[in-house]
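Good morning, colleagues. Please keep the sequence and the model in view as I speak.

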Amino acid sequence: MFTFEDLKAKLPDLSYEPFDINGTTGAIIPREQILDVARTMKEQFGFTNFVDALGNDRNERKMRFEVIYNIRNLSTKERVFLKVRCDERDPHIPSVVSIWSGANWHEREAFDMYGVIFDGHPDLRRMYMPDEFQYHPLRKDFPLMGVEGSIPLPVDKDFKVRMN
């Protein structure tokens, strides 16, 4: 059974904040240490299966954005969450694509939707929004009806009828 204390024994300088989500262990890892943690988790603890990653806007003043990596050890059937946070003024997180190639698409999505920049990513470009679009639509401060004049919204002839 994996514990973050086992990881700390391998990486003595590691600082982390543990959490539990419905019985699944996880930890908030400083962004400067995520590459060492990810590599150790894969190579020494058998977390070779990258399930997914997602971005999140915490809507906080400090460390506003976070990326949550969901990884599994297929031999022991364990799952672990790794959270990495960054500030709005410095939205950089090291990319883990060199460790888990499956992170490629997920990091691109977090970049496109939240504006988190993944340093060292092999192909960091927008996925859904046009290249010239300056905004990140899943940020909590993004207007629900979009930014006027940026991208035309689809027109529905029955829209007024449904709203009444």
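Which residues have the most contacts inside the largest nonpolar core? Before I reply, a word on the source: this is a predicted model, in which local features need pLDDT of at least 70 and side-chain atom pairs count only at pLDDT 80 or more, while totals for chains, interfaces and linings use all residues. Residues are numbered from 1 along each chain as its sequence is written, and side-chain values use heavy atoms, with hydrogens and water left out.

The residues in question are Leu7, Tyr69 and Leu82, and the core they belong to has 38 residues. By nonpolar core I mean a set of buried Ala, Val, Leu, Ile, Met, Phe, Trp, Tyr and Cys residues joined through side-chain atoms within 4.5 Å. Buried means under 20% relative accessible area, exposed means over 50%, and partly exposed lies in between, with a 1.4 Å probe and protein chains only. Two or more residues of this core come from each of H1, E2, H2, strand E3 (49-57), E4, E5 and helix H3 (103-114). In soluble globular proteins, nonpolar side chains tend to be buried together.

Helices (H or I, at least four residues) and strands (E, at least two) are DSSP runs, numbered from the N terminus. The C-alpha trace spans about 60 × 30 × 30 Å along its principal axes, and 42% of the 164 residues are buried.

I return to Leu82. Apart from neighbours within four places in sequence, Leu82 is in contact (heavy atoms within 4.5 Å) with Phe4, Ala27, Ile29, Ile34, Val37, Val67, Ile68, Tyr69 and Ile71.

Next, helix H2, residues 34-43: which of its residues are buried? They are Ile34, Val37, Ala38, Thr40 and Met41. These residues lie on the same side of H2, because they cover an arc of only 165° around the axis, the arc being that of the directions from the helix axis to the C-beta atoms. An α-helix has 3.6 residues a turn, so residues three or four places apart point the same way. The cover over the buried residues of H2 includes helix H1 (4-10) and strands E2 (24-29), E4 (65-73), E5 (78-86) and E6 (92-94).

Beyond its neighbours within four places, Asp112 is in contact with Arg126, Met127, Tyr128, Met129, Tyr135, His136 and Pro137.

Thr25, in strand E2, is partly exposed at 28% relative accessibility.

Finally, two loops. Most residues other than glycine have a negative phi. Asn22, in the loop between strand E1 (17-21) and E2, has a positive phi near 50° and is exposed, with a relative accessible area of 78%. Lys77, in the loop between E4 and E5, has a positive phi of about 65° and is exposed at 64% relative accessibility.
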